[in-house]
Number of protein chains: 4
Amino acid sequence: MVYGPAIIEPVSEHSDFITRMKRLILSTRTRFQEVQIVELAELGRALVLDGFIQSTEADEHIYHESLVHPALLTHPSPERVLIIGGGEGATLREVLKHPTVKEAVMVDIDGELVEFAKKYLDFMHQGAFDDPRARVVIADGKEYVARAESGYFDAVVIDLIDPYAGELAKDLYSDAFYAEIKRVMKPDGIMVTQAGNSFFYPKVYTWVLNNVKAVFPIVREYWNWVPSFGYACNFIIGSLKHDPLTLSTDALREVFQARGLKTRYITPEAAHALLRLPVVVGSRT
Amino acid sequence: MVYGPAIIEPVSEHSDFITRMKRLILSTRTRFQEVQIVELAELGRALVLDGFIQSTEADEHIYHESLVHPALLTHPSPERVLIIGGGEGATLREVLKHPTVKEAVMVDIDGELVEFAKKYLDFMHQGAFDDPRARVVIADGKEYVARAESGYFDAVVIDLIDPYAGELAKDLYSDAFYAEIKRVMKPDGIMVTQAGNSFFYPKVYTWVLNNVKAVFPIVREYWNWVPSFGYACNFIIGSLKHDPLTLSTDALREVFQARGLKTRYITPEAAHALLRLPVVVGSRT
Amino acid sequence: MVYGPAIIEPVSEHSDFITRMKRLILSTRTRFQEVQIVELAELGRALVLDGFIQSTEADEHIYHESLVHPALLTHPSPERVLIIGGGEGATLREVLKHPTVKEAVMVDIDGELVEFAKKYLDFMHQGAFDDPRARVVIADGKEYVARAESGYFDAVVIDLIDPYAGELAKDLYSDAFYAEIKRVMKPDGIMVTQAGNSFFYPKVYTWVLNNVKAVFPIVREYWNWVPSFGYACNFIIGSLKHDPLTLSTDALREVFQARGLKTRYITPEAAHALLRLPVVVGSRT
Amino acid sequence: MVYGPAIIEPVSEHSDFITRMKRLILSTRTRFQEVQIVELAELGRALVLDGFIQSTEADEHIYHESLVHPALLTHPSPERVLIIGGGEGATLREVLKHPTVKEAVMVDIDGELVEFAKKYLDFMHQGAFDDPRARVVIADGKEYVARAESGYFDAVVIDLIDPYAGELAKDLYSDAFYAEIKRVMKPDGIMVTQAGNSFFYPKVYTWVLNNVKAVFPIVREYWNWVPSFGYACNFIIGSLKHDPLTLSTDALREVFQARGLKTRYITPEAAHALLRLPVVVGSRT
């Protein structure tokens, strides 16, 4: 066992992950969730929400680049992007790397969390909050989308806590919500959501997947190991027109070059490969 | 926390993985290692060596197929295959799926472990031990290779405990050992070894990688999440002539069809993708 | 370092205890509870109910002798003793050590558990189930007492899971139940109950204590560290006439000699001391 | 369920204790040890050295009063008291409660730790460092004693990390050290040391006990549950003339009154009882 200060996080109903902590920089409850900002022994500074490690200095690029780029690379010219959640600002940072983007609206319910991120997690946002193209809205994602203009966004990135991690986000994985997402998209819009873990939570994952399928004609799944989660995180793309699987590595390479994308993990080859690795749904299949 | 009976395993120097256990079928010490055969709540029957979960009913196919097929698919006609370690018999099982194979020699130091596998882990070997092409040798892998005929094997699969998991296997990740492996190979031989985890153990991983590079002209790396390890497992291919990266998905598909390969996880697309996903070495890079 | 198979048990709302396991002899669910019989690395064979270690080879004598003897030594001639719970048979064993006892009725709701104890935990009962003075009744303790004859028992020993450990036993710590216990006692009867832990569960403990006080004129508290519980276990005596505090060490020594008591932990000095050590209620007082 | 930030501490070779943490106030390495000052969810502010919880707001009085008073009550007039270790200042605080004390010398090797205690742990020292009778010496206990005047002290209180918790203190549990302690004592001096845990560490405990017996004619043992340690802590008194067991409760009460002792846990009855409870050495005896 790891001795001394540690973070203990659930991985699944029957499994836990323990990792040693060096500093506990902040530990509080906002109106919406328990928040810790910590310094982990191996993974650097990290954000913990309701006991779940959300992102760490050491591996947040794996998570955030995997979340954002496959969808945004697939869209020929994402100009208006909506981000639901993503309070750390790192999803915003990745979205803004695409120079096609003219407006990125980030909607997070927890204004206190966003302030903590600004103060303690600059390696996450890296100034993204100050980009003139960025707009941060502190609001319930569901309510924001309900009131948003139809046919406005080219892409939507949903970056919330796991669908089984609390009641806060459950509605935001429902087919009703995806229908609303579709409504606010342009006719060739593309959406991506993180989707927890399909191996340990096959029922919840399949529920989310089916909800996406009920709304979007093109649905693609992928996953990637995120060390600090103790599992590989799943992602689901729902698209109205553009299919990520039609892009060759060469085509992806062209988009990378055209957009001048600077990334740490996702390369054209990686984006291509990620979408082709089998996803295992269920620990018993 | 998971309450009641559980397996606690190290993931890294500062991280642990805990998973609930339903039955402890066997718990003993052989001459070489501590052995448990357990029934996990989520992952089914599992083998635990020196505290490390080696393989489980739920995810052993991810590990064993990822270990064996990229290398064996790369070789145009693997006839004689040497397996070092792999006491459960599942690596042998995957090797024998290639009908080109005429002789598969599995060398494991721990005869007791092999007997336990035969008795308790039939979902692993699935009769592989009884295949007339299989030969099981209970011996020290290093000594076996030292006495083996030069230029004999087409492929070598090294399936040992992690390089940092104990003293037993350390020699078997050294450049001296890889040189011996090369000696017993044909001039177009290919070798693959599991290599622990490059994210949490960058130094050890880099040491192993450099040892492979010191001996083999073609070296390829890949990794894949193995849920019961609590991490993504790395693999390193050392090849004398055939380069895994030169095979297109179509070429891989042809080999699959020609060999009539039946797999659960590795498809031609998966093998292609796996070799192209970036490997992250170190939690601080 | 605790790696490999282990039992993880809750100690309090915010604390857990982990101890390494060598064998998991039995793991099942009876109609009433989850049951494990295990071999612990340090504590020997043990019974685990709903995730809580109930008793182990190494320390069950501390628990069972502390539970039974202070009350039974206080009563000048306990002839008829009722035990509620105590499925392992060790409380019965301790009660039967008093030669004054002519009839010991043990009432446990879980007949399967009693059979497991007979089969796997002979160091607990040590033949007590076969003593002609013993009678084992498989029944709900509450219902048994409700139907039992008034004024029958000299002593009652309540040996149940912790009051906060599950719904099964909650009623059996209530004032209504204690009133029933009083009814089935002789006018000089004495009762003792284990009471969980007063340090970590002050509210529940105080509730139990007040329930005993509401019914019995003489109430005495004590506790003793039980290593496998991860805490000191509390006990509460409710007595109608005899006060444990009036017995000097000499008087206790006389009773020990007169009854020929053979014990491993409780001596006359220990019984005297145990009743005089301060009990700490609450971790914040 | 314990999720989120926690302290994980070893209880024994095969057992661990986990307790939830609210704040990590300080985490550093001094020249001698790893130091954390934390706020625990149930136990309040706490000091952690090398992974072992040393004392907490909730239970430090149980530990420190149990350590100091049995020995100091036994001595008819302790005037000069030496404390080895005890960097938090709480042992000093308890010693100074005896108005007979004219000089209390506290020798701790870790000056940084003492400064942290002054800054963050005022509930421990409660101003004891400012008492004109107190003298704090930052020095190696062994070296200090080696240079100290013979026949000077009435009482010595040894308050160090467990004998098996690190190399730092091992010498300070040796017979050679106890001989030196005897040398610096008056002919009727009395010494007490905490001694780790005799249940889980019988060999180390017996070694310490035998070391005390090799030097002191009168040796008394006792233990008391300290919740945050996950075990009952043992104490050993070595005395040159006064025997703690000869004091009746009445005699202890007189000393309490004469000295005007104000305590939270140790009463005359408790001191009497503590010395008479059986100590269990070894989990297998």
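Me: What stands opposite Ile18(C) in β2(D)?
Reply: Asp16(D) stands opposite Ile18(C). This is a predicted model, where local features need pLDDT of at least 70, side-chain atom pairs count only at pLDDT 80 or more, and totals for chains, interfaces and linings use all residues. On labels, residues are numbered from 1 along each chain as its sequence is written, while chains are lettered from A and ligands numbered from 1 in the order in which they are written.

Me: How many bridges join β2(C) to strand β2 of chain D, and in which sense do they run?
Reply: There are 5 bridges, and the strands run antiparallel. Two strands pair if DSSP finds at least two bridges between them. Strands (E, at least two residues) and helices (H or I, at least four) are DSSP runs, numbered from the N terminus. Strand β2 of chain D covers residues 15-29.

Me: How many residues does the contact take from chain C and from chain D?
Reply: It takes 34 residues from chain C and 34 residues from chain D. Residues are in contact if their C-beta atoms, placed from the backbone, lie within 7 Å.

Me: Which elements of chain C supply at least two residues each?
Reply: On the side that touches chain D, they are β2 (15-29), β12 (231-239) and α9 (268-274) of chain C. The largest share comes from β2(C), with 6 residues.

Me: And how does that side divide by class?
Reply: The side of chain C that touches chain D has 20 nonpolar, 8 polar and 6 charged residues. Ala, Val, Leu, Ile, Met, Phe, Trp, Tyr, Cys and Pro count as nonpolar, Asp, Glu, Lys and Arg as charged, and the others, Gly among them, as polar.

Me: What rotation superposes chain C on chain D?
Reply: A rotation of 180 degrees, with 0.0 Å of shift along its axis and an RMSD of 0.0 Å. That is the relation of a two-fold axis. The superposition is by least squares on the C-alpha atoms of residues with pLDDT of at least 70 in both copies.

Me: Which C-alpha of chain C is nearest the axis?
Reply: That of Ala273(C), 2.1 Å from the axis. The same surface serves both copies, as 100% of the contact residues of chain C recur in chain D.

Me: Now A and B. How many residues does each chain give to the contact?
Reply: Chain B gives 36 residues and chain A gives 36 residues. On the side of chain B that touches chain A, the elements with two or more residues are β2 (15-29), β12 (231-239) and α9 (268-274) of chain B. β2(B) gives the most, with 6 residues. By class, that side of chain B has 22 nonpolar, 8 polar and 6 charged residues.

Me: In what sense do β2 of chain A and β2(B) pair?
Reply: Antiparallel, over 5 bridges. Thr19(A) has Ser15(B) as its bridge partner in β2(B).

Me: Switching to chain A by itself. What does the domain assignment give?
Reply: Domain 1 (6-56) and domain 2 (60-274). The bounds come from an automatic or database domain assignment. Their C-alpha centres lie 22 Å apart.

Me: How many residues does the contact between them take?
Reply: 24 residues from domain 1 of chain A and 24 residues from domain 2 of chain A. On the domain 1 side, β2, β3 (34-40), β4 (44-49) and β5 (52-56) of chain A give two or more residues. β5(A) gives the most, with 5 residues.

Me: What's the strand order in the open sheet of 7 strands?
Reply: β8-β7-β6-β9-β10-β12-β11 (chain A), with mixed pairing. β8 (134-138) and β11 (218-226) of chain A stand at the edges with a single partner strand each, so one side of each is left without a neighbour in the sheet. The twist averages 15 degrees from one strand to the next.

Me: How do β7 of chain A and β8(A) pair, parallel or antiparallel?
Reply: Parallel, over 5 bridges. Val107(A) has Val137(A) as its bridge partner in β8(A).

Me: Where does helix α7 of chain A lie?
Reply: Helix α7 (residues 202-213) lies across β11 and β12 of chain A, at about 15 degrees to β12(A). Axes are lines fitted to C-alpha atoms, for helices over the stretch in contact, and angles run from 0 to 180 degrees between N-to-C directions.

Notes: Two residues are in contact if their C-beta atoms, placed from the backbone, lie within 7 Å.
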